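This briefing covers how two chains are arranged and how they meet. Please have the sequence and the structure open while reading.

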There are 2 protein chains.
Amino acid sequence: MKVLLVLAHPEPRSFNGALRDAARDTLLQAGHDVRESDLHAMRWQPVLRADCFADQASDAPGVFFNAQAAQRQAVATGTQSADVLAEQGKLAWADLVIVIFPVWWFGVPAILKGWIDRVFAVGVAYGGGRWFDNGVYRGKRVLIACTTGARNDRFAEDGLFGPIDWVLHPLRVGTFNFCGFDTLTPFVAWAAGHVGDEGRSRYLEQWRARLAGIESETPQPFRHLADFPSPAMRNHR
Amino acid sequence: MKVLLVLAHPEPRSFNGALRDAARDTLLQAGHDVRESDLHAMRWQPVLRADCFADQASDAPGVFFNAQAAQRQAVATGTQSADVLAEQGKLAWADLVIVIFPVWWFGVPAILKGWIDRVFAVGVAYGGGRWFDNGVYRGKRVLIACTTGARNDRFAEDGLFGPIDWVLHPLRVGTFNFCGFDTLTPFVAWAAGHVGDEGRSRYLEQWRARLAGIESETPQPFRHLADFPSPAMRNHR
């Protein structure tokens, strides 16, 4: 398999970094190809704005910036920025994408959100009917691996924070299913900062074991278009 | 009332910008005080990393960057960065915070996520038992206003995208309730790019009408700690 590892943590020696290192080692040992996007090491620029586009004069009066229109035009004219093109190339290459991050404020860190905002450009990652079952990345898989500050009971159905599924929904369905990816069961290292070295070692063992058998895992249910027929518009406007 | 308007859109003449302008006009006309954070105009730096902290030598070997520890220390030593301090000052000042943004990938744009990641620092916005009912910002209110690309039926309970409540959960509960804010019913301009000028004018009318009566609105149910007693740990580690 060709595997892309995406890491979104500001400290490479963190437990998130250890998850990345363990993934790299385990996958290489199993004979897979590995490429990486360490967003902090790359100093990834996460803000989708006019100056991401060579032909959009930022701050020029009279030039109205429409993000999707700018993306479409950059794709059409072959003028996407080099950093975005490189990441799109990795996504096109990969069979499996592993995204590793700490849950901050019930979501991904800004640097990872901005990787999605900029890389998953209309005209490349979706658009023109290419989504969900017809998605660009159909046949590819994603594994979300994250750490939380809180214990798993906080993220239970009846927990204070609400279900972890809600927290991961924007990634699982809103981003990856949306673009055609199948998702594997997320790997969540609960309360990673509070379980001690022993707890973290146990997580790493579980993580390595997961990855050793990752090729034969059954994905989570996909969000099939046919299961969600568009109902009559309700309360529109 | 003292009202803070936070805008996270790369084009000030966009419909999101129009929502901000309408809010400013309506609130000033009603005699409220208004301050603003136009994140793109401010060129907000959204990435929480070592060089956000004067005393953290970024990339220095041997210096382990722990984001929360760095925040705690910066608060304790009075060395938080000026941009973060200014935003924290606005939050402390405001009775009502209005957050305006386009829904991108089932969430907030990276620039807004990074405003939260950096401004809502431990030791200032939460920590030491100050959360939810005991939250720092108890007594203050938040109004989320957003635009979507899709129609509301996509975000229905049985819609392809899943409920809009899931999309807003990280903001409503994970950020604002978490820090003590009450939330008002979100204002969602569905399919703002597809409803034409007439549709957008109607949204703006509804928006102005909402804001004219905002002071007397009843908040959404708060996430009370007492309603979510911590259950026995389940499957921990």
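How many residues does the contact take from chain A and from chain B? The contact takes 53 residues from chain A and 53 residues from chain B. The model is a predicted one.

**Relation of the two copies**

**The side of chain A that touches chain B**
- Of the interface residues of chain A, 100% are also interface residues in chain B, so the copies meet through the same surface.
- The contact, with 53 residues from each of chain A and chain B, draws two or more residues on the chain A side from each of helix 4, helix 5 (164–177) and helix 6 (196–212).
- Helix 5 of chain A gives the most to this side, with seven residues.
- Sorted by class, this side of chain A has 28 nonpolar, 14 polar and eleven charged residues.

**Helix 4 against helix 4**
- Helix 4 (residues 110–119) of chain A and helix 4 (residues 110–119) of chain B have axes that come within 8 Å and cross at roughly 180°.
- The two helices are therefore roughly antiparallel to each other.
- Chain A makes this contact with A:Ala110, A:Lys113, A:Gly114 and A:Asp117, and chain B with B:Ala110, B:Lys113, B:Gly114 and B:Asp117.
- The residues of this helix 4 contact divide into two nonpolar, two polar and four charged.

How values were computed
Residues numbered from 1 in each chain as written. Chains lettered and ligands numbered in written order. Predicted model: local features only at pLDDT ≥ 70, side-chain atom pairs only at ≥ 80, totals over all residues. Contact = placed C-beta atoms within 7 Å. Axes fitted to C-alpha atoms, helices over the stretch in contact; angles between N-to-C directions. Helix = DSSP H or I, 4+ residues; strand = E, 2+ residues; numbered from the N terminus. Parallel < 35°, antiparallel > 145°, perpendicular 65-115°, else oblique. Nonpolar A, V, L, I, M, F, W, Y, C, P; charged D, E, K, R; others polar.
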